Amino acid sequence: MRLSLTTAFAAATCVLVLAALFMVFVYVPTEATQGIVQRIFYFHVPCAWVAFLGFGLGAIAGAFYLFFAQQVWDDIGYSAVEVGMLFCTLVLITGSLWAKPIWGTWWTWDSRLTTTFILWLLYAGYLLLRVIGEESERVARLAAVVAIVAVLDIPLIVISVRLWRTIHPAVLVTRSGEHGLEDPRMLQTLAVSMLAVSALSAWLFWMRLKTVRARSRLFQLRRVLAATQALRNGAP
Amino acid sequence: MNHLSYLFAAYSIIFLAVFLYIILLWRRQAQLEAELLRLEEEVRELVRKMAPPEDGRPNVT
């Protein structure tokens with residue numbers, strides 16, 4: 001039996017995710033001050049990373065679409081933003097589940113949380129535009145502009161913990177410029193989780209892109225069909 | 001809720017969301033492929049009917 005490249009990649013992703021889960025729940029030591037709930041961090045951070053990656057790709061594809069006006073760039077942008085949105089939603093949810101036992105509240109209008117929520121709202125607007133708007137070049141161009149403008153929030157999220165007073169922990173790069181993971185096993189677990197979630201998002205992106213490409217081909221065919229029928233009925 | 005419940009909830013939500021998204025993608029893909037096949041067949045049929053006969057005889061299938 002011959003395995004397709006997509007199936008092989010999906011299998012490799014499953015192995016990576018299982019390895020990451022093993023490291024999160026068995027291998028990594030429990031953090032001294034936060035306790036067991038700190039283990040949310042090992043998927044919370046990779047989810048944020050792939051959300052930013054998806055939105056970044058969406059903005060680049062948007063710029064290419066505006067410049068070259070090729071359907072493939074619009075399809076790539078739409079797929080990347082949708083997958084980015086899934087992981088951005090997971091960042092907000094897992095962040096809240098970590099915040100409740102540590103801060104004693106599900107949500108606070110902290111600078112990093114607020115800027116992340118704004119990012120989520122901007123891309124929710126993008127997806128709303130794609131769902132409600134008709135399948136036209138105008139909507140695609142408008143969506144591309146939204147994707148490019150919204151991505152400007154990402155650098156703000158990254159530097160927000162250094163720009164403003166915040167209670168959000170700066171673990172990867174602390175305010176003194178070092179990383180806050182003292183045990184090497186914590187860094188190893190984070191690295192494997194990053195790899196696993198990146199592979200998972202790449203696979204989801206590929207699956208979504210196939211659907212969006214099929215959808216574009218469908219609209220193209222409908223247009224051809226309508227034009228052909230009009231021609232057959234003697235329309236000028 | 002103790003800390004273990006928060007941890008369990010976080011990872012359950014992550015994998016449930018990803019699983020539901022995969023199911024949604026498969027369903028969308030299957031629907032689109034069926035619709036594509038139907039439309040492609042319709043286009044081919046229309047084009048065939050409209051094409052001028054090569055040997056002067058009408059297109060008969």
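Helices (H or I, at least four residues) are taken as DSSP runs and numbered from the N terminus. The model is a predicted one, in which local features need pLDDT of at least 70, side-chain atom pairs count only at pLDDT 80 or more, and totals for chains, interfaces and linings use all residues. Residues are numbered from 1 along each chain as its sequence is written, while chains are lettered from A and ligands numbered from 1 in the order in which they are written.

Leaving aside residues up to four places away in sequence, Met23(A) touches Val28(A), Thr189(A) and Val192(A), contact being defined as C-beta atoms, placed from the backbone, within 7 Å. The C-alpha atom of Met23(A) is also separated by 9.0 Å from that of Leu190(A), 167 residues apart along the chain.

Ala69(A) sits in the loop between helix 2 (41-68) and helix 3 of chain A. Because Ala69(A) has 12 C-beta neighbours inside 10 Å, it counts as exposed (12 or fewer). Its phi is near 55 degrees, a positive value in a residue other than glycine.

Turning to the two chains, their contact takes 30 residues from chain A and 26 residues from chain B. On the side of chain A that touches chain B, helix 3 (71-103) and helix 7 (184-232) each supply at least two residues. The largest share, 17 residues, comes from helix 7 of chain A.

Technical notes. A residue is buried if 20 or more other C-beta atoms lie within 10 Å of its own, exposed if 12 or fewer, and partly exposed in between; C-beta atoms are placed from the backbone.
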